[in-house]
Amino acid sequence: TDLHVIERFKAFAQSNTNVTLWDGTGDNPYFGMLALCDGLIVTEDSVSMVSEAIASGKPVATIPLEGHAPRHIAFIENLLEKGAITRFNGALPLASPIALPDYTQLAAERVKRLLASNH
């Protein structure tokens with residue numbers, strides 16, 4: 001992540017007592033943060049990171065970064081259009097995220113149907 005983005009995150013974390021910014025030392029608290037946070041602010045440089053943030057079911061705001069492939073840009077624009085993410089505006093995202101299907105349940109139901117049809 002670019003230094004100016006890190007500095008912006010540091011300033012935000014310092015001005016909000018309920019915000020934690022991991023400095024890279026010690027065990028990575030990533031999955032605990034996903035489970036316990038009220039909202040997430042992530043940079044747009046990783047499709048995986050944005051996807052994991054959305055999958056947490058928490059409100060997600062993103063910070064755009066330059067220099068991405070057209071398909072990466074299309075991914076972010078699609079999420080913005082669908083309301084799955086918002087752009088970081090200096091405040092913790094509090095809006096409810098879109099409701100995502102329970103893909104594990106859908107996959108399990110599909111497997112059961114496939115298994116039942118093969119008998």
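Guide: Arg87 and Glu44 join their side chains in a salt bridge, 2.7 Å from N to O; the term means a side-chain nitrogen of Lys or Arg within 4 Å of a carboxyl oxygen of Asp or Glu. This pair links distant parts of the chain, 43 residues apart: Arg87 is in strand β3 (residues 86-87), and Glu44 is in the loop between β1 (40-43) and α3 (47-55). Helices (H or I, at least four residues) and strands (E, at least two) are DSSP runs, numbered from the N terminus. The model is predicted, so local features need pLDDT of at least 70 and side-chain atom pairs count only at pLDDT 80 or more, while totals for chains, interfaces and linings use all residues. Residues are numbered from 1 along each chain as its sequence is written, and side-chain values use heavy atoms, with hydrogens and water left out.

Glu44 counts as buried, at 4% relative accessibility, whereas Arg87 counts as partly exposed, at 38%. Buried means under 20% relative accessible area, exposed over 50%, and partly exposed in between, with a 1.4 Å probe and protein chains only.

The count comes to 2 salt bridges. In the other, the side chains of Lys10 and Glu7 meet at 3.7 Å, N to O. These two residues are 3 apart in helix α1 (residues 3-15), which means a separation of about one helical turn. Lys10 is partly exposed at 37%, and Glu7 is partly exposed at 39%.

Aromatic rings also pair, and the structure holds 3 such pairs. Rings of Phe, Tyr and Trp (its six-membered ring) pair if their centres lie within 6.5 Å; planes under 30 degrees apart are stacked, over 60 edge-to-face, and the rest tilted. Phe9 and Phe88 make a tilted pair, 6.4 Å centre to centre with 35° between the planes. Phe9 lies in helix α1 and Phe88 in the loop between β3 and α5 (103-117), so this pair ties together parts that are 79 residues apart in sequence. Both Phe9 and Phe88 are buried. Tyr30 and Phe31 have ring centres 5.1 Å apart and planes at 65°, so they are edge-to-face. Tyr30 is partly exposed at 23% relative accessibility, while Phe31 is exposed at 62%. Ring pairs also link Phe9, Phe12 and Phe88 into a cluster.
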